[in-house]
Amino acid sequence: MVSDIKRIGVLTSGGDCAGLNAVLRAVVHRAVLGFGWEVFGIEQGTLGLMERPVGARLLTVEEFDGTLLRRGGTILGSTNRGNPFAYPMPDGSVVDRSEEIIEGYKILGLDALIGIGGDGSQALLRRLAQQGGINLVCIPKTIDNDVGETEISIGYDTAVQAATSALDSLQPTAASHDRVMILEVMGRDAGHIAIVAGIAGGADVILIPEIPYALEHVAQKIDRVRRHGRNFSLVVVAEAVKTESGDPVTVKSAKKHRYGGIGHYIADRLADHIDAETRVTVLGHIQRGGTPDARDRLMASAFGVHAVDLLAAGKFDRMVGWRNRGLIDVPLADATAQPHVVDVNGPIVATARALDICLGDQ
Ligand code: F6P
C-alpha cells in the first residue's frame, strides 16, 4: 500500500540528546525532496499540540543549511514532563488533555506524525495515536540506550564518548594524587553507558543496575590494583545502581527527586574498607548536550529517512531501529513492551570480565 500523505508533523519528546537535529534534517530532506511533502515541526514535544494557536512551524530544507546536523539539543525543544493523560495543572489538579493534542494534530491538517522519543514518550504517543487515529512512526532516542527491540538509540554513542572522555581526564589526576576516582554516569534503568565507557576508558570497576554488587568485592579489586603496583583506580557507576540493600539513591533537586548520589554512597561505604583517598565526579547532563558524534549523525540520518519511507509505504504504528548491522522496523507495541538492558551473558559483559574489570559480583 502506498499512502497519500501530503503533510506530516515531527516532534522531539522526552529528555534531549545529541543527534536530534540530525534526525530532523533527515526527515525534512527525505519528506520534502523525496516525496514533496510539507513537514511541520511541533514545539516542546506534545505540548506544542496543546497550545492554541498550535505551537508548530513549517520546516524547510533551506533551514538545514549544514550547521544543524552537527548541533546538539533540539531546535524544536522537548519536555520530559507533562503526561498528556494526567497533565499537572497549575492549580495542582491533574487533567486528561489527550483530546486537545489530537485536536491540535487535526488543526494542523497533518496526515501522519513522526515521534522521536524514548520508550516512555513512545508509549504515550502510541496511546494518543490509537485514540486519535494518528498515523504514527517513532524513532528511538535516548542516551540510556534502553529502548526495546533496537540495539542503538540516537544520542547513546555521543554520551558514551562524553563518559569515556571524562575517564581520560580523570586518569592523570587520579595517578598524580594516588586516588580512587568514582565517575557517576547517567542511565535511568540500564547500564549501557557505564559498561561501554568503562571498558573504553580503562575502568577497574564498573557497577551497573543489571548486576548486583557487594562493596567488599569492589574494595578487594582496588586493593589488588594497589598491591600490583598501580597507585590509582577508576570506578564507573551507573546512576540507577542501588544501595547494597536494594534502595534507589536519589537527590532532591529543585523540589523533585531524581537519580543521583550513588557515586558518593559508594565512596562513603568504600571508606570503611580501604584507606585510599576517593573523589567523586557526577557527569550529569554533559552526556546529553554536546556535538553529536559521527555514529549518532549516521544513525540519525538512517532512522530519519527510514521513518519517512515507512510513512510513504503506509506502514504505521512502527518504530525504526538498528539490529545486526541493518535498519529494521518493528511494531511500536513490541518496542515499548520491554526495555533494552545490558545482557549480562553477552559479549560486552564477557569482555569486561575477561579484562579483569570488577563488576561488583565477584
Ligand atoms: O533518560 C535520559 C536521562 O538523561 C537519564 O539518563 C537521566 O536520569 C534523566 O534523563 C535526567 O532527566 P532530567 O533532564 O529531567 O534531569
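1. The end of the model is a place to begin. D356 lies in the segment after helix 11, which spans residues 347-354. The model is a predicted one. D356 is not a glycine, yet its phi is positive, about 65°. With a relative accessible area of 46%, D356 is partly exposed, since the exposed class begins over 50%.

2. K255 sits in the loop that joins strand 11 (250-253) to strand 12 (256-259). The relative accessibility of K255 is 77%, so K255 counts as exposed. As background to both points, most residues other than glycine have a negative phi, and most peptide bonds are trans.

3. The peptide bond that runs from R52 to P53 is cis, and its omega is near -5°. P53 is found in the loop between helix 2 and strand 3, the latter being residues 56-59.

4. Helix 3 covers residues 98-107, and its buried residues are S98, I101, I102, G104 and Y105. Viewed down the helix axis, these buried residues fall within an arc of 155°, and therefore they line one face of helix 3. The face turned away from the buried side carries K106 and I107, which are exposed.

5. What do the buried residues of helix 3 pack against? Their partners are helix 2 (47-50), strand 6 (112-117) and helix 4 (119-132). After helix 3 comes G109, which has a positive phi near 70°.

6. The side chain of S98 makes a polar contact of 2.7 Å with the side chain of D96. Once neighbours within four places in sequence are set aside, S98 is in contact with P84, F85, L128 and Q131.

7. Next, the ligand. Around the ligand are the residues N80, R81, I143, D144, M186, G187, R188, E239, R258, H285 and R288. Which distances separate polar side-chain atoms from ligand oxygen atoms? For D144, a polar side-chain atom is 2.7 Å from an oxygen atom of the ligand. In the case of E239, an N or O atom of the side chain is 2.5 Å from a ligand oxygen atom. H285 has a polar side-chain atom that lies 2.9 Å from an oxygen atom of the ligand. On its own the ligand has 400 Å² of accessible area, and the protein covers 86% of that.

8. The last point concerns aromatic rings. How many aromatic pairs does a search of the whole structure find? The search finds one. The pair is formed by F35 and W37, with 5.0 Å centre to centre and 25° between the planes, and it is stacked. The limit for a stacked pair is planes under 30 degrees apart, so the angle of 25° places this pair in that class.

Note on methods:
Residues numbered from 1 in each chain as written. Predicted model: local features only at pLDDT ≥ 70, side-chain atom pairs only at ≥ 80, totals over all residues. Heavy atoms only, no water. Buried < 20%, exposed > 50% of the residue type's maximum accessible area, 1.4 Å probe, protein only. Helix = DSSP H or I, 4+ residues; strand = E, 2+ residues; numbered from the N terminus. Arc of directions from axis to C-beta. Contact = heavy atoms within 4.5 Å. Near = heavy atom within 4 Å. Polar contact = N/O pair within 3.5 Å; in protein donor to acceptor, adjacent residues only side chain to side chain. Areas by Shrake-Rupley, 256 points an atom, 1.4 Å probe, with all protein chains shown as cover. Phe/Tyr/Trp six-rings, centres within 6.5 Å; stacked < 30°, edge-to-face > 60°.
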